[in-house]
Amino acid sequence: MGWLAVVFRVFGVQRANDVFIDEVTYADIAQQIAEGRMPSLSGTPFFLHPPGSYAFNALIIRVLGLEGHPMDLALQLRWVNSFLGALTVVVCFLLVRRLAGLVPAAIAGTILASDPFVLRMDGRLMMETPAGLAVLTGWLLALWALGSKLGRGRMWLEISAGLVFGIAIVMKDMTAVFTVVPLLAAVFWRRTVPLLAALRILGCSIVPYLIYLSVIAANGLFSQFLDQKSVGVLRMVGAVQMTGFNSVPGVSLTDRLLDMAGRFGTSYLLLGLSVVAGFVVALSPQVERRVIGLFSVFTGSVGVYSVFFGAAEEQFGYCVVLAALVSIPIAAAMVVTCRPRLRGAVATAAVLMTVVSLFLGVQARSVVDDGLVRARDWMIAVLPESSKVGLTSVTGEFALLPHQGWEVLPSLKSLRDGNADFVLTQGRPLSEGYGFAAPELLGWLQDNAQPVFTFTGPTSGDTVVWRLDRARLDAAVDGGLVIPPVTGGYP
């Protein structure tokens with residue numbers, strides 16, 4: 001199982017997913033920590049997310065002697081996330097085998113090993129991969145503790161579970177909803193977890209975060225931490241829409257899901273079943289199953305809330321898929337036990353799900369989707385060093401700057417005033433309103449500029465380097481056609 005997961009993740013690790021803005025940011029922060037500096041973004045201390053995953057990647061940078069531009073670091077660190085994702089598959093297998101048996105565990109592990117959405121997350125430098133591994137590992141340790149006799153051995157298992165939960169929280173504090181909250185609920189839901197056991201686990205789970213807060217306070221940065229964290233909470237609950245599908249007017253999440261169903265159809269099914277399966281498992285007479293049921297209910301509920309009201313960022317779905325692939329096999333086993341005549345239908349559904357997931361997984365890893373890296377390498381190799389290149393997207397800014405002669409120029413006026421010779425666009429983000437430049441800029445470039453480099457991929461659509469016609473650009477701006485940017489505060 002583990003080798004299957006490794007093969008799926010390492011194949012095409014640097015070419016199967018276009019560079020994502022978050023992984024470039026995370027690589028830069030990890031490099032800062034590796035150099036002994038406090039994490040910062042644009043010169044401001046960075047507290048939106050805790051530093052656990054960045055510190056881990058900083059350790060990898062130091063041990064392996066990695067260096068280079070943050071985008072190159074991100075591509076190198078993707079290998080680490082790939083192996084962490086493979087370990088997550090193994091932990092999922094162990095959890096399901098304990099609660100539902102070998103065959104359901106093998107099916108769950110195979111689906112998780114090949115799930116196209118999980119593969120995309122594990123194939124990028126995202127904090128969800130190490131955080132998700134810590135969440136599942138913590139639950140495995142917690143179940144071992146609940147299944148052990150009272151004594152010193154059980155106490156150490158509880159301490160270990162708490163500390164691993166704490167590691168998850170210090171990697172991404174949102175995981176408290178996937179760990180602390182279900183454990184507290186289990187104390188009251190049919191007295192599933194003894195109060196003292198829950199308190200021991202919870203007490204240990206806050207230790208890593210308290211250490212993090214102590215470092216912040218010692219550096220006199222606690223007020224800045226509170227400011228950024230309050231914004232983060234508002235973003236998570238949807239009171240402030242800065243990122244995600246719900247932040248862009250006119251972009252339909254339903255249309256986007258239908259468009260991507262051919263790539264992530266099985267993943268969407270898992271996301272949708274997480275809460276339902278969790279409720280079924282939470283009704284089990286077995287203590288350990290009820291705990292995992294509550295984990296799936298709360299984790300899936302976060303996914304549902306984010307889609308309809310919250311930030312609706314795709315990374316929120318990562319732990320939901322993990323929870324689903326633990327709870328669905330258990331729920332299926334419970335259904336078969338209660339209704340034996342449904343065994344054939346459940347087995348058929350499991351086989352179909354596995355086969356389709358394997359097919360989509362192979363498809364996901366076989367695609368070539370590295371347009372931004374190819375565009376950068378082409379511009380460095382072909383364009384004269386004196387060329388002025390305008391960048392139009394957030395990802396382009398973070399992934400390609402600093403570079404002599406390149407800067408963010410997202411409007412016709414800024415391109416003219418900046419004396420740009422070329423402009424780089426990524427079609428899908430810009431057309432859907434996720435870039436600095438307005439979607440109308442693409443139309444103008446198609447009619448008035450010459451494409452000198454084009455790469456088409458499923459993530460960013462057409463990544464194009466355009467050669468600008470100075471006469472047409474000057475005429476457009478002088479005639480009052482500015483096409484101002486939609487975000488970023490640029491002219």
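Analyst: First, the naming: helices (H or I, at least four residues) and strands (E, at least two) are DSSP runs, numbered from the N terminus. The model is predicted, so local features need pLDDT of at least 70 and side-chain atom pairs count only at pLDDT 80 or more, while totals for chains, interfaces and linings use all residues. Residues are numbered from 1 along each chain as its sequence is written, and side-chain values use heavy atoms, leaving out hydrogens and water.

User: OK, where is Ile-483?
Analyst: Ile-483 sits in the segment after helix 22 (470-478). Its phi is positive, about 45 degrees, although Ile-483 is not a glycine.

User: Buried or exposed, that Ile-483?
Analyst: Ile-483 counts as buried because its relative accessibility is 11%; buried is under 20% relative accessible area, exposed over 50%, partly exposed in between (1.4 Å probe, protein chains only).

User: Which peptide bond is cis?
Analyst: The one from Leu-401 to Pro-402, with omega near 0 degrees. Pro-402 belongs to the loop between helix 18 (394-400) and strand 4 (406-408). Most peptide bonds are trans.

User: New topic. Where is Leu-163, and how exposed?
Analyst: Leu-163 is in helix 8 (residues 152-171). Leu-163 is partly exposed, at 36% relative accessible area.
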